[in-house]
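Subject: Structure handover

Hi,

Here is the structure I promised to pass on. Please open it and keep it beside this email while you read.

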Amino acid sequence: MKSDSKDEDRPLTDRKLGDRAFLLPLVGLLLLTPPLAGIFQLDIRVFGIPFTGFYLFGVWAVLIIGAAMLSRRIQKGADWGAEEDIRNRDAVDDSD
């Protein structure tokens, strides 16, 4: 039984990227919740910054970098879909 779902036509890596894009903010939320962030409430300074601040801004920076990397890869996947649509449209036009 064949489904007409557009999701099945996408490459597997495309679907994995969508899952990662969904999980990134959830992981960020988990890492920034007070119980987990409280573990890093140490009396240490890194480059003169309290470790808690270093941890919070470090997680924030990693989330931004991860989102930027994912968005680029997702954009490349969207370009793949557009190329496939153009090829399919050209094939239909050629058969007329």
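P50 sits in strand β2, which covers residues 49–50. Is P50 buried, partly exposed or exposed? Its relative accessibility is 40%. Buried means under 20%, and exposed means over 50%. P50 therefore counts as partly exposed. Leaving aside residues up to four places away in sequence, P50 touches I44 and R45.

Now step back to the whole chain. Keep in mind that this is a predicted model. The protein has three helices and two strands. Starting at the N terminus, the order of elements is α-α-β-β-α. There are 96 residues in the protein, and 11% of them are buried. The accessible surface is about 7,900 Å². Carbon and sulfur atoms account for 64% of that surface.

What about contacts across the sequence?

Next, the surface patches.

The nonpolar patch
Which residues make the nonpolar surface patch? They are L32, L56, F57, W60 and I64. The patch has an area of about 500 Å². Helix α3 spans residues 51–95 and gives the most to this patch, with four residues. Look at L56 as an example. L56 lies in helix α3. Its relative accessibility is 33%. That value falls between the 20% and 50% cut-offs, so L56 counts as partly exposed.

Two elements, α1 (12–32) and α3, each give two or more residues to the positive patch. Which element gives the most to the positive patch? That is α3, with three residues. K16 belongs to helix α1. K16 has a relative accessible area of 42%, so K16 is partly exposed.

Find L56 in helix α3, then find K16 in helix α1. Finish at P50 in strand β2, and look for its contacts with I44 and R45.

Best wishes

Definitions and conventions. Residues numbered from 1 in each chain as written. Predicted model: local features only at pLDDT ≥ 70, side-chain atom pairs only at ≥ 80, totals over all residues. Heavy atoms only, no water. Patch = residues over 30% accessible without salt bridge, like charges linked within 9 Å, V, L, I, M, F, W, Y side chains within 5 Å. Areas by Shrake-Rupley, 256 points an atom, 1.4 Å probe, with all protein chains shown as cover. Salt bridge = Lys/Arg side-chain N within 4 Å of Asp/Glu carboxyl O. Buried < 20%, exposed > 50% of the residue type's maximum accessible area, 1.4 Å probe, protein only. Contact = heavy atoms within 4.5 Å.
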